[in-house]
Amino acid sequence: ERSEEQLKLVRDYQKGFINRNTERWERGFNALEILIIVCTEAGEEFNNTHREHAVQERNIQFDLVVRLHARACHISSEILWLLKGGFADAAHARWRALHEVAVTALFLLNHGNELSIRYYEHGAIESYKAMKQYNKYKSRLSIKEFSEKELIECKVARDKAINKYGQDFEGSYGWAADVLNNKRPNFSNLEEAVKLDHLRPYYKWASQNIHANVHGTRNKLGLAEAKEDVLLAGASNSGMTDPADLTVLSLSQISVGLLTVYSNMDSLITQYVIKELGSNIGELFLEIESQQPLR
């Protein structure tokens, strides 16, 4: 009966919190937002400039890396909104996805068009797995199952891909098996190949905010400045630095990587701008963190 009244009280409090959180971290949020805008516009301009030429060359690598870059920009915007809303741990978890996208794009960039074709055609493997799992739980989920015809069509595409590339292609990262000379590659192998395996500790740390392990119940970025044990069930104005700094790193990596596909003077200048914009954002967040938070 009092829900509307209570919702107004809660929402008024939330608005006040967001205003205080933004006031505290404004310089950092602005710097991160500017970088995201620049990277997004650079990707758009690069795609518009080179798309026709890439199509003529049947450059699948270009198409996939552009799409991965767009996804990276999208995730980065999500991270910024989570930080503004006071959810540093959720932002950290989303960086995990951003890191995966950046590593995959850089791995594709390090190899020829053939690997990008494999990556694309591996979709048949994942689709068939997903359809079978979907149908397995159709009764408990009360959903309409995929028809036998649809399953057969997908299986034919899957079998065709395996026959083309070999049995190792069936694995989750089977598209990378050949170039890595590894029958069962995983994501950490991709990290090592692009020399970003030094970020694995941060990747594992971010995983605490995804998986239900004990560390995720006790160690929260949002409680970085807490003076006592608190059960965090909502927003906090603490812990923004690491997610922001990692976002700058991964977004800059994939953006600069994209611009190397067709390199010219314009792209070289844009790469420099991106590197310069991102160079001091982490330090800016650290500076803000050292100041007294606004409650």
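Q: How many of the residues of helix H12 are buried?

A: In this predicted model, 15 of the 18 residues of H12 are buried, and the helix is mostly covered. Helix H12 comprises residues 241-258.

Q: Which span should the 18 residues of H12 have, and how far apart are the end C-alpha atoms?

A: At 1.5 Å a residue, H12 should span 26 Å, and its end C-alpha atoms are 26 Å apart, so the two values agree. H2 has 26 residues and reaches 38 Å from its first C-alpha to its last, close to the expected 38 Å.

Q: Which residue caps the N-terminal end of H2, and which residue follows the helix?

A: Asn-59 caps the N-terminal end: one of its side-chain oxygens lies 3.2 Å from the backbone nitrogen of Gln-61. After H2 comes Gly-86, with a positive phi near 90 degrees.

Q: Which residues other than glycine have a positive phi?

A: Ser-142 is one of them, with phi near 55 degrees. Ser-142 sits in the loop between helix H6 (138-141) and helix H7 (148-165). Lys-195 also has a positive phi, of about 60 degrees, although it is not a glycine. Lys-195 belongs to the loop between helix H9 (187-193) and helix H10 (200-207).

Q: Is Ser-142 buried or exposed, and is Lys-195 buried or exposed?

A: Residues over 50% relative accessible area are called exposed. Ser-142 has 67% and is therefore exposed. Lys-195, at 64%, likewise counts as exposed.

Q: How does one decide how many disulfides there are?

A: The general idea is that two cysteine sulfur atoms must lie within 2.5 Å. By this rule, the count is 0 disulfides.

Q: Which helices supply at least two residues each to the lining of the second largest pocket?

A: They are helix H2 (60-85) and helix H3 (88-109). H3 gives the largest share of the lining, 4 residues. The pocket holds about 260 Å³ of space.

Key
Residues numbered from 1 in each chain as written. Predicted model: local features only at pLDDT ≥ 70, side-chain atom pairs only at ≥ 80, totals over all residues. Heavy atoms only, no water. 1 Å grid on protein atoms, 1.4 Å probe; cavity = no way out; pocket = protein on both sides within 12 Å on 5 of 7 lines; lining within 4 Å. Points joined across faces, edges and corners; volume = space filled by probe spheres on them. Expected span 1.5 Å × (residues − 1). Polar contact = N/O pair within 3.5 Å; in protein donor to acceptor, adjacent residues only side chain to side chain. Buried < 20%, exposed > 50% of the residue type's maximum accessible area, 1.4 Å probe, protein only.
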